[in-house]
Amino acid sequence: MKNRSDQLVHELGKKIVTGEFTPGEILPKAEDISERYEVSRTVVREAFKGLTTLGLVRSNQKAGTIVLPRSEWQWWNLDVLTWVIEDENNTDFLVHLTEVRLGLEPMAAALAAKRATDQDMMKMKDAFERLEQSIGDEKAWASADYDFHESILQASHNDLMINTVKTLRKALVKSREKTIQAAKDFPESPYDTPTKEVLDRHRAIYDAVIARDEELARQKMTELILRVKRILDKIYGF
C-alpha cells in the first residue's frame, strides 16, 4: 500500500505527464497543495523530492518548484512509463517507443543469429508457434508477439538490450495492442495486425536467425518495425 507521499507523487506526477501541469510551469506552493490534498507539508515536501528524483520537477527556494521539459524525465522509470501509457493523448510516445525498437531490435536479431544456443533456438521456435496459433486473436497476438521478440533479444546475449526491453515490457505490449486496434482503420495496410501476411514477416526473421544469417535477420527485423512506424506516423500525423 502506498503512503501519502507516494500517493501524492502519483497524483502530481500523472498531472505533469498528462499535461495538466506543463513544462516551465511552477507548481502550487507546498501550503496550497497541503490544504488541497489534506496532507501535511512534510508529506508535500517528500512528494516534491520524489518528483525531483523522477526528473519531473526542480525545486528552487526563490523560483519555487518548476516542471521540467520532457527531455529531463526519467523515462525508464516504471511509474513514468505507466502514466504515459495511460494517457490517451500521449500519442507521440508510441512513435518514440517504436523508434527505440528500431534502434535496438535489428541489432539484437543479428546478434541472435550469431550467438543463439540450441536452447535459445527452442525458445524461439516455441514463441513462433504461439504466434501461429494466435492468428485472429488480437490480445493473444500482442502477448505472443512480445514473447517472440523477447526470445530473439534473449538470444542476443546482450544484457543491456535485454534489460532495456524488459523495462519497457508493459509499454511494448500496450503499444502493440494500440497498433493492432488502430490498424483496423487501414485495411489496405495491415502492418502489425494478427494476419497470415504479418505472420510470414515474422517467419522471415525466425528463418534468418535459425539460418544464422546475421545481415538478413537485421534486414527483416528492420522491415517489420518500419511497417509499424509507418502506420503510427500515418495515424498520428508525424
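Buried residues make up 47% of the 238 residues in the protein chain. Buried here means under 20% relative accessible area, exposed means over 50%, and partly exposed lies in between, with a 1.4 Å probe and protein chains only. The model is predicted, so local features need pLDDT of at least 70 and side-chain atom pairs count only at pLDDT 80 or more, while totals for chains, interfaces and linings use all residues. Residues are numbered from 1 along each chain as its sequence is written, and side-chain values use heavy atoms, with hydrogens and water left out.

The accessible surface of the protein chain comes to about 12,300 Å². Carbon and sulfur atoms account for 50% of that surface. These areas come from the Shrake-Rupley method with a 1.4 Å probe; for residues, only the protein chains shown count as cover.

Next, the secondary structure. The protein chain has 11 helices and 2 strands. Helices (H or I, at least four residues) and strands (E, at least two) are DSSP runs, numbered from the N terminus. Along the sequence, the pattern reads α-α-α-β-β-α-α-α-α-α-α-α-α. Contact means heavy atoms within 4.5 Å. Among contacts between residues at least 6 apart in sequence, 69% join residues at least 24 apart.

Start with helix H2 (residues 30-37) and helix H3 (residues 41-53). They pack at an angle of about 110°, with their axes 9 Å apart. Axes are lines fitted to C-alpha atoms, for helices over the stretch in contact, and angles run from 0 to 180 degrees between N-to-C directions. H2 and H3 are therefore roughly perpendicular. Angles of 65 to 115 degrees count as roughly perpendicular, under 35 as roughly parallel, over 145 as roughly antiparallel, and the rest as oblique. H2 passes H3 in a right-handed crossing. A crossing is right-handed if the near helix is turned clockwise from the far one by less than a right angle, and left-handed if anticlockwise.

Which residues in H2 and H3 meet? From H2 come Ala30, Glu31, Ile33 and Ser34; from H3 come Arg41, Val44 and Phe48. This contact divides into 4 nonpolar, 1 polar and 2 charged residues. Ala, Val, Leu, Ile, Met, Phe, Trp, Tyr, Cys and Pro count as nonpolar, Asp, Glu, Lys and Arg as charged, and the others, Gly among them, as polar.

Serine 40 sits in the loop between H2 and H3. Its relative accessibility is 38%, so serine 40 counts as partly exposed. Serine 40 and alanine 30 are 10 residues apart in sequence and 9.1 Å apart in space, C-alpha to C-alpha.

Now follow helix H5 (residues 91-115) and helix H11 (residues 214-236). They pack at about 170°, with axes 7 Å apart. That makes H5 roughly antiparallel to H11. Their contact has 15 nonpolar, 3 polar and 8 charged residues.

Leucine 153 lies in helix H7 (residues 138-156). It is buried, with a relative accessible area of 4%. Not counting residues up to four places away in sequence, leucine 153 touches Ala108, Met161, Ile162 and Val165. Leucine 153 and alanine 108 are 45 residues apart in sequence, yet 5.5 Å apart in space, C-alpha to C-alpha.

Tyrosine 206 belongs to helix H10 (residues 196-210). At 13% relative accessibility, tyrosine 206 is buried. Leaving aside neighbours within four places in sequence, tyrosine 206 contacts Met124, Lys125, Phe128 and Phe148. Tyrosine 206 and alanine 113 are 93 residues apart in sequence and 9.3 Å apart in space, C-alpha to C-alpha.
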